Amino acid sequence: MRLASTAIALIWIVAIVAAQAAPAPAAKAEIEYLLSAVASSDCRFYRNGTWYDATSAAAHLRAKYETLAARGLIGDTEDFIDRAATKSSLSGRDYAIKCEGIAEMSSRQWLTDLLFAYRASHASAPHRGP
């Protein structure tokens, strides 16, 4: 009986920790923005020795995001960039991006720059409320 009680308590703890680690609505909106920006870009993404088009890259990043979020490992947008969009979880190699008219750069830099621009544009937007 004591073992069953301990197991139930551990399940509750894991559930609470996972729920607390889930991204807040604002972070989910930012992550969705980044994924949409990747998908609609004219950029190519380098992963594990191969260049992929934007649609394939976005699908890959979304799948990684959903897997990590389900495990409670994505708490905010920076976690998404660090854990899902920076390097291969299989090989450990960094992801890169190449867009028309700009030098190749790390996906971390590209997504971070995009996130800063998104936050700046939303911070200066007029507040609508009572």
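In helix α4, which spans residues 77-84, the buried positions are Thr77, Asp79, Phe80, Ile81 and Ala84. The model described here is predicted. An α-helix has 3.6 residues a turn, so residues three or four places apart point the same way. At the N-terminal end, α4 is capped by Asp76, with a side-chain oxygen placed 3.2 Å from the backbone nitrogen of Glu78.

The protein as a whole contains five helices and four strands. Along the sequence these elements are arranged as α-α-β-β-α-α-β-β-α. Of the 130 residues, 31% are buried. When contacts between residues at least 6 apart in sequence are considered, 57% of them join residues at least 24 apart. The accessible surface amounts to about 8300 Å², and carbon and sulfur atoms account for 60% of that area.

One disulfide is found in the whole structure. The bond is formed by Cys43 and Cys99, with an S to S distance of 1.8 Å. The two cysteines are 56 residues apart and link distant parts of the chain. Cys43 lies in the loop between α2 and β1 (44-47), whereas Cys99 lies in the loop between β3 (96-98) and β4 (105-106). The torsion about the S-S bond is about 100 degrees, so the disulfide is right-handed. Cys43 and Cys99 are both buried.

Aromatic pairs number four in the structure. In one of them, the ring centres of Tyr46 and Trp51 are 5.1 Å apart and the ring planes meet at 50 degrees, so the pair is classed as tilted. This angle falls between the limits of 30 degrees for stacked and 60 degrees for edge-to-face pairs. Both partners are partly exposed: the relative accessible area is 26% for Tyr46 and 30% for Trp51. A further contact with an aromatic ring involves Arg47, which lies over the face of Tyr52 at 4.3 Å from the ring centre.

The loop between β1 and β2 (50-53) contains Asn48. Most residues other than glycine have a negative phi. Asn48 is not a glycine, yet its phi is positive, at about 50 degrees. With a relative accessibility of 30%, Asn48 is partly exposed, because the partly exposed class runs from the 20% limit for buried residues to the 50% limit for exposed ones.

Helix α5 includes Ser121. A polar atom of the Ser121 side chain is located 2.9 Å from the backbone oxygen of Tyr118. The relative accessibility of Ser121 is 41%, so the residue counts as partly exposed.

Methods: Residues numbered from 1 in each chain as written. Predicted model: local features only at pLDDT ≥ 70, side-chain atom pairs only at ≥ 80, totals over all residues. Heavy atoms only, no water. Phe/Tyr/Trp six-rings, centres within 6.5 Å; stacked < 30°, edge-to-face > 60°. Buried < 20%, exposed > 50% of the residue type's maximum accessible area, 1.4 Å probe, protein only. Lys NZ or Arg CZ within 6 Å of the ring centre and 35° of its normal. Polar contact = N/O pair within 3.5 Å; in protein donor to acceptor, adjacent residues only side chain to side chain. Contact = heavy atoms within 4.5 Å. Areas by Shrake-Rupley, 256 points an atom, 1.4 Å probe, with all protein chains shown as cover. Disulfide = S-S within 2.5 Å.
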